[in-house]
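Biologist: I'd like to learn how to read helix packing. Could you walk me through it with an example?

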Amino acid sequence: GVAYDIGRATDTAMRNLKKGVSPDCSGPAGVHDNGNGALMRILPAAIWCSLYYPGETAERIHEVARITHGHRRNTTACILYTIMVRCLLQGMTPEQAYSQMRIEGPEIVPREEKEHFKRILSGEIARLGEEEIRSDGYVIDTIEAALWCLLRTDNYAEAVLMAVNLGDDTDTTAAVVGGLAGVTYGMQGIPAAWIKTLVNSESVLDICERFSAKVLKAPIAKE
């Protein structure tokens, strides 16, 4: 019954939900509510929507993200992340997925938010120095850091360790890039020792297996 390290926006959203606020309005939507909580939990929705709702992905990811983070900057970051997931699921390399995300991105990013996504869509993320990458709790910094780590490595372990070594909000940045790296390199790419040392590893693996079973059973929708 005790939780810790919950971001302010997520905490507010949970309190709103307990009060009976509709999920599509529960996530705070102020400009200062752009933490990375929605981005770090969006991967299962990104996988599901990419496979079964390709024509509605942006709308559905927006709906899922705003349960806890309602600002358009936040939901847009989640949509761009989902484009990366979709492309990686299709077998693209990280570089190819990033290029495709940059092609689709300008149509996704609202006009008033374009300045905040400028570096992400520039194509220069991988060329930035480590001192130019921030890894704090701000959603833009988190997705930039995750892309930087993914594009500068060629395996799961190095991508995640690079994220951790950036410091600051290490667990979230590692989770975000870990999702992309997991889709890229598969279960076999994750060091077995890391899986064994997970807290409640059996429960975690059971959840993953049940989710995978649902993904494999569902009929794939067409555009």
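Predicted model: local features only at pLDDT ≥ 70, side-chain atom pairs only at ≥ 80, totals over all residues.

Biologist: What do I need in order to describe two packed helices?

Modeller: In general, two packed helices are described by the angle between their axes and the distance between the axes.

Biologist: Which residues of helix 6 and helix 7 make the contact?

Modeller: On the helix 6 side you'll find Thr76, Ile79, Leu80, Ile83, Met84, Arg86, Cys87 and Leu88. Helix 7 brings Pro94, Ala97, Tyr98, Gln100, Met101, Glu104, Gly105 and Ile108. Sorted by class, that contact of helix 6 with helix 7 has eleven nonpolar, three polar and two charged residues.

Biologist: Now helix 4 and helix 6: at what angle do they cross?

Modeller: Roughly 60°, with the axes of helix 4 (residues 43-52) and helix 6 coming within 9 Å. Helix 4 and helix 6 are therefore oblique too, and helix 4 passes helix 6 in a right-handed crossing. Leu43, Ala46, Ile47, Ser50 and Leu51 of helix 4 meet Tyr81, Thr82, Val85, Arg86 and Leu89 of helix 6. That set splits into seven nonpolar, two polar and one charged.

Biologist: And why do helix 4 and helix 5 count as roughly antiparallel?

Modeller: Their angle is about 155°, and anything over 145 goes in that class, so helix 4 and helix 5 are roughly antiparallel. Helix 5 spans residues 57-65, and the two axes sit 10 Å apart. The crossing of helix 4 and helix 5 is right-handed. Ala45, Ala46, Cys49 and Ser50 from helix 4 touch Thr57, Arg60, Ile61 and Val64 from helix 5. By class, there are five nonpolar, two polar and one charged in this contact of helix 4 with helix 5.

Biologist: Over which ring does the charged end of arginine 60 sit?

Modeller: Over the ring of tyrosine 53, 3.6 Å from the ring centre.

Biologist: How many aromatic pairs are there, and how would I describe one?

Modeller: A pair of aromatic rings is described by the distance of the centres and the angle of the planes. With a cut-off of 6.5 Å between ring centres, the count comes to two aromatic pairs.

Note on methods:
Residues numbered from 1 in each chain as written. Heavy atoms only, no water. Contact = heavy atoms within 4.5 Å. Helix = DSSP H or I, 4+ residues; strand = E, 2+ residues; numbered from the N terminus. Nonpolar A, V, L, I, M, F, W, Y, C, P; charged D, E, K, R; others polar. Phe/Tyr/Trp six-rings, centres within 6.5 Å; stacked < 30°, edge-to-face > 60°. Lys NZ or Arg CZ within 6 Å of the ring centre and 35° of its normal. Axes fitted to C-alpha atoms, helices over the stretch in contact; angles between N-to-C directions. Parallel < 35°, antiparallel > 145°, perpendicular 65-115°, else oblique. Left-handed = near helix turned anticlockwise from the far one by under 90°.
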